[in-house]
Amino acid sequence: MKRRRWTPEEIYFLEDSWGTISIKGIAKKLDRSVNSIKLKAQRIGLDDARLHFDGITVHQLADVLNISYSLVKRWIQIHNFPARKKIFSSEHKVWVVSYQKFWKWAEYNKQMIDFSRLERNILGAEPEWVEEKRKADIINNRIIKKSHNIPWSSGEDKKLSALLKSYKYTYPQIAKELRRSESSIKRRIQELELKHRPVRLNNQVKYTPEEEKKIIEMLYQGYSIDVIADSINKSALGVRGKLERMGYKFRNGVPRLEKEIG
């Protein structure tokens with residue numbers, strides 16, 4: 001069977017479509033076999049189609065953000081992360097996301113990403129809000145030096161118990177003393193089944209309009225609840241309660257307005 005020569009128009013279409021249309025789609029459009037498309041692409045120097053896609057694979061994104069692939073998959077399943085399956089060969093499908101859609105999603109889910117660990121402009125030109133979030137994350141990480149994933153030591157457990165038994169300290173004071181979040185303190189008390197509790201704060205604490213405005217501004221800039229509470233001299237648990245009364249819902253510890261996420 002005589003081989004059909006490639007026309008300049010076909011070569012232009014192949015180069016222009018590489019990485020944006022699947023190989024199978026290109027083959028169908030040009031009425032050629034998938035193997036013919038692959039061979040011609042190789043001969044004219046077209047490399048991995050993923051390098052020509054205006055975006056990034058989920059695997060690559062996880063590496064860049066220094067998080068697990070399974071966490072990004074969880075975003076897809078629960079938090080409407082705009083990834084989609086793309087065919088880069090005749091059969092192989094991978095999860096990908098365009099840079100534009102990633103940044104749009106990230107703006108409304110910035111609390112879920114630690115931008116202090118992200119190299120500047122590694123995902124293309126960054127929106128203006130990213131630098132502010134990067135600064136917020138540096139402070140977030142500084143004010144709570146211990147992650148909730150770091151196991152509690154026996155010494156910390158004894159100190160927590162002693163502070164509770166003295167009946168002098170509130171949640172914010174104990175959190176600062178142990179350098180952990182108030183939610184972490186509350187969770188540890190439950191895990192150890194301790195009978196004593198921190199001194200109760202005044203549940204009727206009033207928030208001024210200025211404080212409410214600052215809470216929202218800092219929240220949208222990406223500051224953690226603990227940092228926000230510290231800035232207005234309030235309890236983190238109290239600020240969380242205030243946000244809930246203002247219509248925010250907490251999902252995996254992340255405060256968000258339902259109208260923003262559908």
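In which loop is the place of Glu193? Glu193 sits in the loop between helix H10 (182-192) and H11; helices here are DSSP runs of H or I with at least four residues, strands are E runs of at least two, and both are numbered from the N terminus. Before going on, keep in mind that this is a predicted model, where local features need pLDDT of at least 70, side-chain atom pairs count only at pLDDT 80 or more, and totals for chains, interfaces and linings use all residues. Residues are numbered from 1 along each chain as its sequence is written, and side-chain values use heavy atoms, with hydrogens and water left out.

Phi of Glu193 is near 55°, a positive value in a residue other than glycine. Most residues other than glycine have a negative phi. Glu193 is exposed, with a relative accessible area of 68%; exposed means over 50% relative accessible area, buried under 20%, and partly exposed in between, using a 1.4 Å probe and protein chains only. Tyr167 is another case: its phi is positive, about 50°, although it is not a glycine. You'll find Tyr167 in the loop between helix H8 (154-166) and helix H9 (171-178), and at 55% relative accessibility it counts as exposed.

Now for a glutamate with other surroundings. Glu211 lies in helix H11 (residues 209-221) and is buried, at 17% relative accessible area. Leaving out residues up to four places away in sequence, Glu211 touches Lys206, Ile232 and Lys234, contact meaning heavy atoms within 4.5 Å.

Stepping back, the protein has 14 helices and five strands. Buried residues make up 41% of its 262 residues. Of the contacts between residues at least 6 apart in sequence, 55% join residues at least 24 apart.

Which residues of helix H1 (residues 8-17) are buried? They are Glu10, Leu14 and Ser17. These cover an arc of only 80° around the axis, so they end up on the same side of H1; the arc is that of the directions from the helix axis to the C-beta atoms. Pro8, Glu9, Tyr12 and Asp16 are exposed on the other side of H1. The cover over the buried residues of H1 includes helix H2 (23-30) and helix H3 (34-43).

Next, a helix pair. Helix H4 (residues 58-65) and helix H5 (residues 69-78) pack at an angle of about 115°, with their axes 8 Å apart. Axes are lines fitted to C-alpha atoms, for helices over the stretch in contact, and angles run from 0 to 180 degrees between N-to-C directions. On the H4 side the contact is made by Val58, His59, Leu61, Ala62 and Leu65, and on the H5 side by Tyr69, Val72, Trp75 and Ile76.

Setting aside neighbours within four places in sequence, Phe81 is in contact with Leu61, Val72, Trp75, Ile76, Val97, Phe102 and Trp105.
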